[in-house]
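Here are my notes on this one. Have a look at the model first, then read the points below.

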Amino acid sequence: MAGDTCDVCGRPSVRVASSSLAPISWAFCTDCLNKPAEPLCMFAYLFDDVSDNGDGLREEINDYYTFKDGAYLSWSDYIKQRRKAKNDSHYRRLQGYREQNEGRPKAGSEEIQVLKL
Ligand SMILES: [Zn+2]
């Protein structure tokens with residue numbers, strides 16, 4: 001992850017810093033550090049695995065941006081896109097997959113961590 005390019009936008013990075021949203025570090029460029037912006041995968045993680053369809057997070061999440069399709073995207077605009085995408089057939093297939101796998105250990109869960117040792 002940490003390298004010569006910003007993990008958020010892909011431009012040259014200036015430093016590695018801790019995410020403000022989860023215990024992980026990313027390479028950032030000056031613009032993304034100052035925004036503040038987080039990688040798109042962080043927003044996806046928060047939407048899919050932490051929040052309730054984008055709701056239920058601390059209000060501070062509204063201060064954050066991600067970078068998608070060459071532009072910064074606020075949390076509120078991100079969740080609008082995600083909620084709209086729920087009507088797409090791809091999303092419905094994904095939901096079907098999730099329902100089939102309900103109850104199985106999830107990536108990053110304690111069960112999976114034990115299996116890795
Ligand atoms: Zn950047």
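1. A quick word on terms: two strands count as paired if DSSP finds at least two bridges between them. Helices (H or I, at least four residues) and strands (E, at least two) are DSSP runs, numbered from the N terminus. With that in hand, K68 has A71 in β4 as its bridge partner, and F67 sits opposite Y72 in β4.

2. Do keep in mind that this is a predicted model, where local features need pLDDT of at least 70, side-chain atom pairs count only at pLDDT 80 or more, and totals for chains, interfaces and linings use all residues. Residue numbers start from 1 along each chain as its sequence is written.

3. Back to that pair: β3 (residues 65-68) and β4 (residues 71-74) run antiparallel, with 4 bridges. Together they make a hairpin with 2 residues between the strands. In the turn, D69 has a positive phi of about 55°.

4. What is the overall order of elements? From the N terminus it reads β-β-α-α-β-β-α-α-α, giving 5 helices and 4 strands.

5. On burial, 20% of the 117 residues are buried (20 or more other C-beta atoms within 10 Å of the residue's own, with C-beta atoms placed from the backbone).

Definitions and conventions:
A residue is buried if 20 or more other C-beta atoms lie within 10 Å of its own, exposed if 12 or fewer, and partly exposed in between; C-beta atoms are placed from the backbone.
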